[in-house]
Amino acid sequence: MGFGAVLGKLMVDSGAAQRIASTLIERFGAKYVQWALIIIGAVFGISVFYEVAFMILAPLVISIAVEAKTPFMKLAITMVAATTLSHSIFPPQAGPTALVDAYNADMGMVYILGMIVFIPSVIIAGIILPRFMKHIDYPIPPLLQKRKNFTDSEMPSFGLSLFVPLIPAILISISTILSLFITEDTILHEIVSFIGSVEISLIIAIITAIVMFGLRKGKDMDTMMKSFETGLKGVATIIFIVGAGGAFKEIILEAHVGDYIADIMKGNNISPLIMAWLITALIRIATGQGVVSAITAAGSNIITHVNDASFWLFKEYFNISIKDTFKTWGALLLTTSVTGLMVVLILDLFI
């Protein structure tokens with residue numbers, strides 16, 4: 001999270017976020033820029049941990065919203081919808097990968113059927129839902145306010161601006177693919193796994209950002225380190241709060257709340273698909289952990305609350321109240337979960 005925040009801040013302070021925002025709006029138009037965010041959010045959701053994807057993409061969302069003169073929360077919901085859905089549905093993320101192993105599923109069919117669930121869910125939750133949300137014109141969080149409007153010559157190119165934040169996604173994806181063909185417990189496997197780890201791939205991205213966004217533009221290291229320092233300071237409180245939420249989650253898990261819920265739901269005559277959704281929904285609400293609910297039963301986002309670290313990440317980073325977090329983040333997850341269930345039930349009629 002700290003590295004993701006630093007990378008996001010470097011993008012804001014260098015003009016890279018503004019370049020991506022202005023280019024996307026120019027090519028898609030302010031009216032259709034949400035579709036571009038769906039694509040970007042889905043790529044990051046598949047490739048890196050959700051928290052890292054969020055920290056990298058949040059400054060980009062703010063920049064696009066400023067350029068498009070639209071409430072940032074409207075675009076944030078679109079981005080988060082795409083990121084959470086792809087993170088929850090597609091391997092190599094932990095939950096989907098565990099389910100593929102548990103059911104001995106065909107990986108290709110997982111992606112094909114996953115896309116059938118993903119597309120209507122992300123359209124309803126990411127495009128349609130924000131249109132019905134009222135009073136979401138929140139002020140831009142202080143951390144994400146850019147200091148100036150950059151001229152065209154001051155900003156890095158669009159390709160470079162997009163490539164640098166994608167470095168973790170690219171390295172992790174390459175590492176995942178190569179690991180399938182490399183024997184474990186070998187030096188080569190260790191090197192590939194090392195470079196493709198979240199921490200190292202983010203460090204490589206940050207170093208690249210410092211060089212390409214700063215030193216090549218004539219900035220000195222003191223200036224770049226101020227962005228580094230500001231980025232870390234801005235999320236220090238968030239990291240503590242998210243850590244506390246994670247600790248609370250671990251206490252609940254150690255109490256075996258998920259196992260208890262699964263046991264009491266057994267023996268009912270409800271449809272197996274609905275039963276799986278109900279069990280995982282209850283476990284997700286009780287534990288705040290999507291991966292745990294997925295491994296325990298079959299997978300369900302559903303609404304989350306204060307025992308979910310992502311709840312606090314969304315709240316604190318966008319500087320909104322708990323009530324507004326339920327209205328935005330909570331409504332978003334509930335919509336993706338119910339829509340996904342409906343699509344699966346329809347698929348069950350034909351497959």
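Biologist: Where do Lys9 and Asp13 lie, and how many residues apart are they?

Modeller: Both sit in helix 1 (residues 2–14), four residues apart, which is about one turn of the helix. A helix here is a DSSP run of H or I with at least four residues (a strand is a run of E with at least two), numbered from the N terminus. Mind that this is a predicted model, so local features need pLDDT of at least 70 and side-chain atom pairs count only at pLDDT 80 or more, whereas totals for chains, interfaces and linings use all residues. Residues are numbered from 1 along each chain as its sequence is written, and side-chain values use heavy atoms, with hydrogens and water left out.

Biologist: What makes Lys9 and Asp13 a salt bridge?

Modeller: The rule asks for a side-chain nitrogen of Lys or Arg within 4 Å of a carboxyl oxygen of Asp or Glu. Their side chains meet at 3.7 Å, N to O, so the pair passes. In general, side chains of opposite charge can pair when their charged atoms come close.

Biologist: How many salt bridges does that rule give?

Modeller: Four. One of them joins Lys327 and Asp324, with the closest N and O atoms 3.4 Å apart. These two are three residues apart in helix 16, about one helical turn.

Biologist: Why is Asp324 called buried, but Lys327 partly exposed?

Modeller: Buried means under 20% relative accessible area, exposed means over 50%, and partly exposed is in between (1.4 Å probe, protein chains only). Asp324 is at 15%, so it counts as buried. Lys327 is at 37%, so it counts as partly exposed.

Biologist: And Lys315 with Glu316: what is each one called?

Modeller: They form a salt bridge too, with 2.9 Å between the closest N and O atoms. Lys315 has 14% relative accessible area, so it's buried; Glu316 has 22%, so it's partly exposed.

Biologist: How do you know that helix 1 is mostly covered?

Modeller: Of its 13 residues, 12 are buried, including Lys9 and Asp13.

Biologist: What makes its span close to the expected one?

Modeller: The expected span is 1.5 Å times one less than the number of residues. Helix 1 has 13 residues and reaches 18 Å from its first C-alpha to its last, close to the expected 18 Å.

Biologist: Which residue takes a positive phi just after helix 1?

Modeller: Gly15, at about 90°.
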